[in-house]
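Colleague: I would like to learn how to read pockets, strands and charged pairs in a model like this one. Could we go through them one at a time?

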Amino acid sequence: MSAFARATAVESLGDGEWRATCDSTWATQLGANGGYLAALIVRAMVSELDDPAREARSLTCHYLRPPSAGEVRVDVAVERSGRSLSTVTARLSQGDALCVLAVAAFGIELDGAVDYAAQAPPALAPQRVDRLAPVAEVPMTRHFVMRPTMGAPLYAGADDSVTGGWLRFADPQALDAPALAMYADAWWPSPLPRLTRPVTAPTIDLTVHFRAPAAAAAIAEEPVLAVFRSSTAAGGFFEEDGQLWSRDGVLLAHSRQLALLLDGAG
């Protein structure tokens, strides 16, 4: 098992209850990363649904509080399963404290009325970009190989809120739905290049749409191009849109989150 698979493993307790361990090495300076918690949840959902033909298509998580390192419980319910789509909900808690609420859609592959696709943004090849050194204050960064290609450096006072680059696990594994959920929140927040000082940016909600499960599953050693943009920050909140592209230009997933943007410890 990869380091990520071990860190997101779940154990059935029966009746829709799953036990997992919140691993402190997959945290930011604020605590458990939102993408990591989303990965734990979708892992439990996939296990509870137990239908390989129904791939994760959409996941939305609302974050109430970050759990501490240690045991957590994920209570999963299959709300409805139709001919092509299943709706699944989950609640991640630690002790008596509810930490995350989630809802997801799982569906079979269908013949659509029309297929069309956007093009991936241009970027330098990953072998031409230096790897970013892990950041000691952000433990999860040691689990990734990050090669920035998009936007200005951190705290550069730039005019745009855009960031991204080539991203993969340091211990590679195929990009299943939990891995893509992790990738959707693995980069630093897109407003940071616009700023000139450190801030805190905890996630309030995160939605991930999984667009090409078969193409993603075939990727292990190859990095993906992760691009994140924000158009508006107001009243202490900002939105961020993300895209995850394969090296051959397939959109694997896109995401949107609402987060806080605060001075100090928030």
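Colleague: How much space lies in the second largest pocket?

Modeller: This is a predicted model, in which local features need pLDDT of at least 70 and side-chain atom pairs count only at pLDDT 80 or more, while totals for chains, interfaces and linings use all residues. Residues are numbered from 1 along each chain as its sequence is written, and side-chain values use heavy atoms, with hydrogens and water left out. On a 1 Å grid over the protein atoms alone, a pocket is an open set of points where a 1.4 Å probe fits, with protein on both sides within 12 Å along at least five of seven lines, and lining residues have an atom within 4 Å of a point. Grid points are joined across faces, edges and corners, and the volume is the space filled by probe spheres set on the points. Here, the second largest pocket holds about 670 Å³, and among the residues closest to its centre are Glu109 and Arg211.

Colleague: Which classes of residue make up its lining?

Modeller: Ala, Val, Leu, Ile, Met, Phe, Trp, Tyr, Cys and Pro count as nonpolar, Asp, Glu, Lys and Arg as charged, and the others, Gly among them, as polar. The lining of the second largest pocket divides into 13 nonpolar, two polar and five charged residues.

Colleague: With which residue does Glu109 meet in a salt bridge?

Modeller: Side chains of opposite charge can pair when their charged atoms come close. A salt bridge is a side-chain nitrogen of Lys or Arg within 4 Å of a carboxyl oxygen of Asp or Glu, and Glu109 meets Arg57 in this way, at 3.3 Å from N to O. The pair links distant parts of the chain, 52 residues apart, with Arg57 in strand β5 and Glu109 in the loop between β8 and β9; strands are DSSP runs of E, at least two residues long, and helices are runs of H or I of at least four, both numbered from the N terminus.

Colleague: Is Glu109 buried or exposed?

Modeller: Buried means under 20% relative accessible area, exposed over 50%, and partly exposed in between, with a 1.4 Å probe and protein chains only. Glu109 is exposed because its relative accessible area is 62%.

Colleague: Which strand gives the most to the lining of the largest pocket?

Modeller: That strand is β15, with three residues. Two strands pair if DSSP finds at least two bridges between them, and β15 pairs antiparallel with β14 over nine bridges, Glu240 standing opposite Gln257 in β15.
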